[in-house]
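Please read this report alongside the sequence and the structure, moving from one region to the next.

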Amino acid sequence: MINFRRFTGPGIKHAKHLLRQNLNQNKWRSMSQMDIPPEETSLSQFTIPKGIVGQPTCHTHPHMISPGHLTCGITQMEYKERRDTLVNKLLSEVDNAHKSHVIVVPAARKQYMSDKIPYVFRQNSDFFYLTGCLEPSAVLVMIKPAEFDSYKSVLFVHEKDTHAELWEGPRSGCSISAQLFAVDEARPVDNFKHYLTKITSQSKPAVLWYNNESPANSDIHEDIRSVLRHGQVELLDPQKALHLMRVVKSPAEIELMKEACYIGSQSVNMAMACTKPGISERTVDAVLEYTCRQAGAEHAAFPPVVAGGARATHIHYVNNNQLLADNEMLLVDSGCQRWMYNSDISRTWPVSGKFSKYHRILYDLILTVQKRLIELVGEQRPPLDQLFDQMCRLLGTHLQQEGILPKNLDGNDMIQRAYRLCPHHVSHYLGLDVHDAPLVRRRVPVCSGMVVTVEPGIYISPTDTSVPKEFRGIGIRVEDDVLITDAEPIVLTDACVKEIDDIEAIVGKHSL
């Protein structure tokens, strides 16, 4: 039986407990007056209010969140510093002379599978990164007038509603949200359109920072478009700057990702231990989900791939509805989400518990390539696109050495044949999203604080006559999550076994 360690939350703590505001600089009057001149305010202390609010806190869920943290491992101060950093980054991107700036980042809205039956709610990653707020349909607005050096943060949330809370659970409401999320002010989300219209009309010329191309909440999208049509407002997108922040993880985020990777690793180990000929792929799927959730993850990071035999040659096979045969390999691609941070792991193992001769050749080949790629990430810090080119070259060379590809192929032809056998990218950024920070291109060099996957694979169709018969119908992938550091890269998923001897020692050793 796999033993899971007890997760009590990371020990990352900020020494700062007070927000130091310069009382001699601009402070804000109540925004209800809409004239925006400042007034003096007192120093505000970062404290988590007691009582039941719209999400777990250190008071209501001490087994999940340590004292002084807003969410597991992350303080109010860190969320506030992220907002400060984003505002500064955006202001540095454009000519700020005589311009006011309004930054709008919406939360996700609830999605429904049918009628009134909702899917499990998943917060918009950008919004969560800046607020720590887990409530749906909220909106973060940050206003930086041209004539002042400071900005104001306003969080729009659903107001308290006894009837709604009877059905959906507690809300934080406006009276508590400003203190809970360390923003300057909280307002009812129903007032968002009126507020935004008035702010932009009084702030001409203004820059409205908003992700117009893929809106997080369609309910308020038209409200924002209306402001753009009727006001003297320039539209710019804050997402690229935000993703450049997100792709480099803070110490607190790294601790959370270590936990997500450990849980995900142990769940795959357990899936190996439970694998036997005759069980279904769906049973393995259930083992993955149960062990992840039992160890502290909220749910899977994505629908897992549990693909036996030739089904593993379909890269995104998620039906998981076949029985496993004795002579097959089983490819699993899974991960878990813990406090919005994800792991992403792939392993391949023999259903019988013993590698056949040809399965062993292919698996050892992929594992050798993967280990070398992890070394290259540390030695060269290449862009991920370059790492993919290196994978194709390494994979092609090893396939030629094993006689799986013809020896007479030249460099380019060899690389093209290798690409055909592994048509997916070898790496992506990992964090709040499984494919994290998508606006950060994979052609930029990796740097310390990034977490990336390294996942070479090979997928040989049963009908591929260009490959020797004994290797057809096999799909293999080995994937780990790797933290880039100033020293050697750290494999966060190293608890998940991948050596042939270790795999053979664990497969089938646990009874369901």
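Which residue in β7 is the bridge partner of His101?

The model is a predicted one, and in it the bridge partner of His101 is Val207, which belongs to β7. This pair sits where strand β1, covering residues 100–106, is joined by four bridges to strand β7, covering residues 206–209, and these two strands run parallel.

Both strands are part of an open sheet of six strands, arranged in the order β6-β5-β4-β1-β7-β8, with mixed pairing. At its edges lie β6 (185–188) and β8 (233–236), each of which pairs on one side only, and the twist from one strand to the next averages 25°.

Helix α1, made of residues 76–93, lies across β1, β4 (139–144), β5 (152–157) and β7, and runs at about 55° to β4. Helix α6 also packs on the sheet, where α6 touches β1, β4, β7 and β8, and the direction of α6 makes about 135° with that of β8.

## The pair α5 and α6

Two packed helices are described by the angle between their axes and the distance between the axes. For helix α5 (residues 192–201) and helix α6 (residues 218–230), the packing angle is about 20° and the axes are 10 Å apart. Since angles under 35 degrees count as roughly parallel, α5 and α6 are therefore described as roughly parallel to each other, and their crossing is right-handed.

On the α5 side, the residues that meet α6 are Phe192, Lys193, Leu196, Thr197 and Thr200, while α6 contributes Ile220, Asp223, Ile224 and Val227. Sorted by class, this contact of α5 with α6 has five nonpolar residues, two polar ones and two charged ones.

## The three-stranded sheet

Three strands form an open sheet in the order β10-β11-β14, and here the pairing is antiparallel. The edge strands are β10 (305–308) and β14 (345–350), each pairing on one side only, and the twist averages 10° from one strand to the next.

Between β10 and strand β11 (residues 329–334), which run antiparallel, there are four bridges, and Val305 stands opposite Asp333 in β11. Helix α8, spanning residues 251–274, packs on this sheet and touches β11 and β14, with a direction that makes about 15° with that of β14.

Strand β15 is joined by four bridges to strand β18 (residues 480–483), and the two run antiparallel. One of the residues involved is Val454, whose bridge partner in β18 is Asp480.

When the neighbours within four places in sequence are left aside, the residues in contact with Gln390 are Leu373, Leu376, Gln380 and Pro382.

Methods:
Residues are numbered from 1 along each chain as its sequence is written. This is a predicted model: local features need pLDDT of at least 70, side-chain atom pairs count only at pLDDT 80 or more; totals for chains, interfaces and linings use all residues. Side-chain values use heavy atoms; hydrogens and water are left out. Axes are lines fitted to C-alpha atoms, for helices over the stretch in contact, and angles run from 0 to 180 degrees between N-to-C directions. Angles under 35 degrees count as roughly parallel, over 145 as roughly antiparallel, 65 to 115 as roughly perpendicular and the rest as oblique. A crossing is left-handed if the near helix is turned anticlockwise from the far one by less than a right angle, and right-handed if clockwise. Contact means heavy atoms within 4.5 Å. Ala, Val, Leu, Ile, Met, Phe, Trp, Tyr, Cys and Pro count as nonpolar, Asp, Glu, Lys and Arg as charged, and the others, Gly among them, as polar. Two strands pair if DSSP finds at least two bridges between them.
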